[in-house]
Amino acid sequence: MAELAELEDPKAREVNEKHGDDHGVNLGKLRAIAKRLKTQQDLAHRLWGTGDTAARLLALLICRPKAFERDELDVMVREARTPKVHDWLVNYVVKKNRHAEELRLAWSADPDPVAASAGWALTTERVAKKPEGLDLAGLLDVIEAEMKDAPYRLQWAMNNCLAQIGIEHAEHRARALDIGERLEVLKDYPTSPGCTSPFAPIWITEMVRRRHDERDGAPAAR
């Protein structure tokens, strides 16, 4: 904790706080610490228990994802106050855990929007990598009905799912584009030069174009 405190950078904190994250530690330096510590499940538990955002991020880098029980992960996702901790918990830990599918189903129907957003993130992973058994049309029904008025973090997760359905599944692409155009979620999101907008119609169109270019032998734009 003392070492993490020494890495605190006011400028980094200012940038992070704009995204809802209350820490000022450079993530590259945090990863360097994790590389030095290697996997330490007990230490990860203690770091998580501090409640400190930088400590929790480090915990997620040095933990053993498959060692967590279902109920433990359920508590952790509800404790994950900041977007970065929530994102790393889902992507670095839950996705690698044997209870991921069970948690996906439970969280997707959870009234807590933070837990629900974790469920949608896991669903997006399946849309892209293991869509067998998913009701993609049904997912689009829910997105069409609920995304516009969803709390921000849940809205973002549903939008990611919408985009992935449009990118990965040509038979649903026209409808995904139409939903995105009509709902206009994240249409005005500020996007840095060289980056792709998270607005689903732009995102879908750009990713499909890149894949066509790569398939035809032309170098894809980055």
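**Entry 1: Leu 186.** I began with Leu 186, which counts as buried at 11% relative accessibility. The cut-off for buried is under 20%. I am working from a predicted model. I placed Leu 186 in the loop between helix H12 (173-183) and helix H13 (200-215). Its phi is near 65°, a positive value in a residue other than glycine. I noted this because most residues other than glycine have a negative phi.

**Entry 2: Lys 38.** Next I looked up Lys 38, also not a glycine, with a positive phi of about 60°. Lys 38 sits in the loop between helix H3 (27-37) and helix H4 (41-49). Is Lys 38 buried or exposed? I found 58% relative accessibility, so Lys 38 counts as exposed.

**Entry 3: the largest pocket.** I then turned to pockets. The largest has a volume of about 990 Å³. Of its 33 lining residues, Pro 83, Lys 84, Asp 87, Trp 156 and Asn 160 are the closest to the centre. I checked which helices supply at least two lining residues each: H2 (10-17), H7 (83-93), H9 (113-129) and H11 (152-168) do. I sorted the lining by class and got 15 nonpolar, 11 polar and 7 charged residues.

**Entry 4: the second largest pocket.** I read about 200 Å³ of space for this one. Which helix gives the most to its lining? I found that H9 does, with 4 residues. Helix H8 (100-108) and H9 each supply at least two. The lining includes Lys 95, Arg 98, Glu 101, Leu 122 and Lys 130. By class I have 8 charged, 2 nonpolar and 1 polar residue in this lining.

How values were computed: Residues are numbered from 1 along each chain as its sequence is written. This is a predicted model: local features need pLDDT of at least 70, side-chain atom pairs count only at pLDDT 80 or more; totals for chains, interfaces and linings use all residues. Side-chain values use heavy atoms; hydrogens and water are left out. On a 1 Å grid over the protein atoms alone, a cavity is a set of points where a 1.4 Å probe fits but cannot get out, and a pocket is an open set with protein on both sides within 12 Å along at least five of seven lines; lining residues have an atom within 4 Å of a point. Grid points are joined across faces, edges and corners, and a volume is the space filled by probe spheres set on the points. Ala, Val, Leu, Ile, Met, Phe, Trp, Tyr, Cys and Pro count as nonpolar, Asp, Glu, Lys and Arg as charged, and the others, Gly among them, as polar. Buried means under 20% relative accessible area, exposed over 50%, partly exposed in between (1.4 Å probe, protein chains only).
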